[in-house]
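Here is a friendly walk through a protein model, taken one region at a time. Please keep the sequence and the 3D view side by side as you read.

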Amino acid sequence: MNKSPARHALEDAYLNTDYRVLLPRKALTFRIGEYDADAEESLFKHCGIQQEWAIITPCNPNSEKNDDDANLAALARLRQELEVVGLRYFQAINQSPDGEWPEHGYLVVDPEPAKAKSLGRRYRQNAFVSGNKGEAPKLIWLL
């Protein structure tokens, strides 16, 4: 499958991002393509995940830097939407290694794949992170 030019340009940045889930007493860090059984066990236990999860951010649509107020407003809209449809969620932050590009979002517990894709597209994201029990996290491209 051929990658779009936009996807190719973003792939290295996304693959080198730390995806952190903020739990009440600790943060768990995930990386694309790296399976961490201990982190997965802790995540599933603390979040009540049955099979899968997704990290979705509404910040910086199309990977274009937004101001803090716009990102916070989008984050509030996403949180409200998750509550309305009854999906459980936990705070997450996607962070570049240099700390220059933080994006807040939510780890969504056991979302239907179509719903996760719909949320990512609605907030004009290029991709989101998906995790399945026993597998390394992966990017789900929306481009």
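Let us begin with Asn60, which sits in the loop between β3 and α3 (68-85). Helices (H or I, at least four residues) and strands (E, at least two) are DSSP runs, numbered from the N terminus. The phi of Asn60 is near 50°, a positive value in a residue other than glycine. Asn60 counts as buried, at 1% relative accessibility. Buried means under 20% relative accessible area, exposed over 50%, and partly exposed in between (1.4 Å probe, protein chains only).

A word on the model itself: it is predicted, so local features need pLDDT of at least 70 and side-chain atom pairs count only at pLDDT 80 or more, while totals for chains, interfaces and linings use all residues. Residues are numbered from 1 along each chain as its sequence is written, and side-chain values use heavy atoms, with hydrogens and water left out.

Another loop, between α4 (113-122) and β6, holds Arg124. Arg124 is not a glycine, yet its phi is positive, at about 55°. With 47% relative accessibility, Arg124 counts as partly exposed.

Now turn to helix α2, which covers residues 37-47. Just after α2 comes Gly48, with a positive phi of about 70°.

Which residues of α2 are buried? They are Ala39, Glu40, Ser42, Leu43, Phe44 and Cys47. In an α-helix there are 3.6 residues a turn, so residues three or four places apart point the same way. The cover over the buried residues of α2 includes β1 (18-22), β2 (27-30), β3 (52-56), β4, β5 (102-109) and β6, where contact means heavy atoms within 4.5 Å.

How many does the structure hold? The count is 0, a disulfide being a pair of cysteine sulfur atoms within 2.5 Å. The cysteine sulfur closest to that of Cys47 is in Cys59, 19 Å away, which is too far for a bond. Cys47 is buried at 1% relative accessibility, and Cys59 is buried too, with a relative accessible area of 4%.

On a 1 Å grid over the protein atoms alone, a cavity is a set of points where a 1.4 Å probe fits but cannot get out, and a pocket is an open set with protein on both sides within 12 Å along at least five of seven lines; lining residues have an atom within 4 Å of a point. The largest cavity has about 60 Å³ of space. Its lining includes Phe30, Asp36, Trp53 and Pro137, and α2 gives the most to this lining, with 3 residues.

Finally, the largest pocket contains about 330 Å³ of space. Among its 18 lining residues, Tyr14, Thr17, Ser63, Trp101 and Glu103 are the closest to the centre. The elements that give two or more residues to this lining are α1 (5-15), β4 (89-95) and β6 (127-132).

Key. Points joined across faces, edges and corners; volume = space filled by probe spheres on them.
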